[in-house]
Amino acid sequence: MGEAVAYEWKPVKGFALSGIFWGLVSVLIGLFISVQLWKPELNIPPYLTYGRLRTVHVNGLVFGFAIGEIFALSYYMVQRLTKRALMFPKLAMVQLYIFNVAIAAAAVSLLAGMNRGKEFAELEWPLNIGVVILWVMFAVIVVATILKRKEEQMYISLWFMLSTVVAVAVLYIVNHLSIPVSLTKSYSLFSGGNDANIEWWYGHNAVAFIFTTPILGMFYYFLPKATGMPIYSHRLSIVAFWSLIFAYLWTGAHHLIYSPLPDWIQTVAIAFTVFMIAPSWASVFNGYYTVGADWSKMKSNYLTKFFILGITFYGLQTLQGPLQGFRVVNQIVHFTDWVPGHVHMGTMGWVAMIISASLYYVIPSVYNTTVYSEKLANLHFWLVLVGQMIFSVSMWILGIQQGVMWKAISPEDGSLTYTFMESVLVSYPYWQVRTVGGLLFFIGLCVFAYNLVMTIKNANKAVAVEGR
Amino acid sequence: MSIYKKPIVLTVLITVVILIGTVVMMVFPLFSSETQPKMASLKPYTALQLAGRDVYIENGCYYCHSQMIRPLKAEVMRYGEYSKAGEFAYDQPFLWGSKRKGPDLARIGGKYSDKWHYKHMTDPRKLFQGSNMPAYGWLAEQTINAKDMENSMKALGFPYTKDDIEALKDKSKLDAVIAYLQCLGTSVDKKPKQPLIAAGDKNPLLADAKAIEEGKKVYEMNCAACHGIDAKGDVGPDLTDNEWLYVPGPIQDDTLFSIIADGTKKDQEFEHRKAKGGMPSWGEFFGKKKIWSVVSYIRSLESK
């Protein structure tokens, strides 16, 4: 035992709880808009219409939940891995307040219809500046802490953190370049095909550097921590890291297959998309072989199954993605409900699974206690797993059905077999099933939040008793 | 010396690795003319159309409606000529979309009348039973800020006159979004179609009970939206009386067929009658057999 380090846990706690709050709100909105799809009477103009609430759902989960938890868990990992207290802890607390105000302002502005018209980049320019400021604060704190580290060797989670800091900055700034006309309205600096290409270079790499690299960083840190088993191969993780961050930036145009974008861009993007299977599965194998040293941990350690199922959905996601990239598959599934099925396997099955497992580890650690109930954690696990599977599988089946109906041509006289409305009418039962899946997932999240709140309550009680 | 002990070197390396793909796939195409040609027939948006485009974005229409027709057979048949790179030079941002909960709108301009759009926006389920489109009639009560629109036209460098801006003051957001929809895809010529039948052809399925049943189904899914579920007329005329194109007296089978297959244009002549325009074309959608079935169904209503 060396000298005890006085770690700064306040920002970790603040971001962790804020992220959970925004996550709960945004998933609840997702649940509501899933009902609006099969009950259009629930659109309440102007603020509570599908076209506005969907934006809040997505932005709330990307910026409020995912980025909130990325801040929380990065601030935890960076202190542990550098064996020193966080640099500029007061700045981190200021950042926490700005973060919550910005997310609330973002939600209100989106409901009011302030929208730039680009997916995951809807927020208007004053808020964009706010996001950049928050990100610069994050970069300063993380980089400064790493520079002043007490442990010379940097673990892989820190490399993932640094790549996230750099890439998100570049992506976000370029895709948000705008011509402002008032405080609440701006137009994209780019037009048509260029705007489309930049948007999906950004959009797909938001998946890379918000939903993948930080989450892999958590996976490589918290899996060994929670299970007590070392990562199977450090060499494999080095290869995975560099090839992943190299190849990801080439793939964005696979969102624009059969679009007016030049063919070479589409084809190169498809080729790199297929290549991406290699680095993604390197991490999957690394996870499997790590726990493979003792599979009984799946039963004896309640967190192991979160990590293993999470990395499994990451693996399935990174097989399904390249499959969708092939032109012959893309022409069936693109524009259909297959796509939300795909997205939600990644977000509900991989991102949320790893983040919640990491929080089950971090919250007791920073509050110096144990988790309130492993039983409830198991219940949470099964609810979110089953909820996500119902969601994804129903949407995959529906997507194929829609795609085939849209393509069907009558062999008799070469006319189209189905009208668009007919493809809507067959969708209703699937959309209703999806709502059931979403409801289970939401209940699972509530169990999770309750479990963490009770953990914290118990810890505070213990402190009070000690203090007496 | 390991780079994993040198954070600055590592960060620089990471940045370089990330920028390689970025430069090839994003920066280079940005400065290449093949990514963004401009069609000679493409016109910038008018002030009203741009206001409508803003309304379209504000309400997230682009999450459910794409504006990008892929060069695939069924897609071109359903929506029209596939999207060309040169059509989008004035689109800031692009609105190709990523999901179709509703149909593609890239060629919606001119397909239906304004009157149809007002009706559809106000009560989508009256025109399409089972539609899940939210109602947008409330846009009629929202006004456009003319001053803001002038700034927008200036910022985007689109030509406008003082009168264009003045005219916005009497327009609602609903007027604007419909004006926008009506200009979509109109810079591309609609290709002339091969007629499906020859002049003078008779309906081979006339009074065929099975065809009437089939025609009724096709009618209810597609035609009832404008002509009413009882075919007594709504946006489009009554189909059960003995009036055709607003003139009493019978009309030939092949004429009825071509009106359904090719649609009508204003003042287009059919058997010495003048059309008002507004009937969309259904030929590629239905094919010969379904159109004859609809003709049989309409004839069966007439004789009642």
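Tutor: Let's start with a term: a residue is buried if 20 or more other C-beta atoms lie within 10 Å of its own, exposed if 12 or fewer, and partly exposed in between, with C-beta atoms placed from the backbone. Helices (H or I, at least four residues) and strands (E, at least two) are DSSP runs, numbered from the N terminus. This is a predicted model, where local features need pLDDT of at least 70, side-chain atom pairs count only at pLDDT 80 or more, and totals for chains, interfaces and linings use all residues. Residues are numbered from 1 along each chain as its sequence is written, while chains are lettered from A and ligands numbered from 1 in the order in which they are written.

Student: Okay, which residues of H2(B) are buried?

Tutor: Ala47(B), Leu48(B), Gln49(B), Leu50(B), Ala51(B), Gly52(B), Arg53(B), Asp54(B), Val55(B), Tyr56(B), Ile57(B) and Glu58(B). That is 12 of its 12 residues, so H2(B) is mostly covered, going by the cut-off of 20 or more.

Student: And what covers the buried residues of H2(B)?

Tutor: Contacts tell us: two residues are in contact if their C-beta atoms, placed from the backbone, lie within 7 Å. The cover includes helix H6 (146-156), helix H7 (162-167) and helix H8 (173-183) of chain B.

Student: How far apart are the end C-alpha atoms of H2(B)?

Tutor: The expected span of a helix is 1.5 Å times one less than its number of residues. With 12 residues (47-58), H2(B) should span 16 Å, and its end C-alpha atoms are 16 Å apart, which agrees. Just after H2(B), Gly60(B) has a positive phi of about 65 degrees.

Student: What should I expect of phi and peptide bonds in general?

Tutor: Most residues other than glycine have a negative phi, and most peptide bonds are trans. Now for some cases that go the other way. Phe120(A) is not a glycine, yet its phi is positive, about 60 degrees. Phe120(A) sits in the loop between helix H3 (89-111) and helix H4 (125-147) of chain A. Ala207(B) also has a positive phi, near 65 degrees, and lies in the loop between H8 and H9 of chain B.

Student: Is Ala207(B) buried or exposed?

Tutor: Exposed, because 11 other C-beta atoms lie within 10 Å. Phe120(A) has 18 within 10 Å, so Phe120(A) is partly exposed.

Student: Where are the cis peptide bonds you have in mind?

Tutor: One runs from Pro45(A) to Pro46(A), with omega near -10 degrees; Pro46(A) is in the loop between helix H1 (10-38) and helix H2 (50-82) of chain A. Another joins Gln92(B) and Pro93(B), with omega about 5 degrees, and Pro93(B) is in the loop between H3 and helix H4 (114-122) of chain B.

Student: How many residues does each chain give to the contact between chains A and B?

Tutor: Chain B gives 71 residues and chain A gives 79. On the chain B side, the largest share, 14 residues, comes from H1(B). For classes, Ala, Val, Leu, Ile, Met, Phe, Trp, Tyr, Cys and Pro count as nonpolar, Asp, Glu, Lys and Arg as charged, and the others, Gly among them, as polar. That side has 38 nonpolar, 19 polar and 14 charged residues.

Student: What domains does chain B have?

Tutor: Domain bounds come from an automatic or database domain assignment. For chain B, the assignment gives domain 1 (47-183) and domain 2 (209-302). Their centres, taken over C-alpha atoms, are 28 Å apart.
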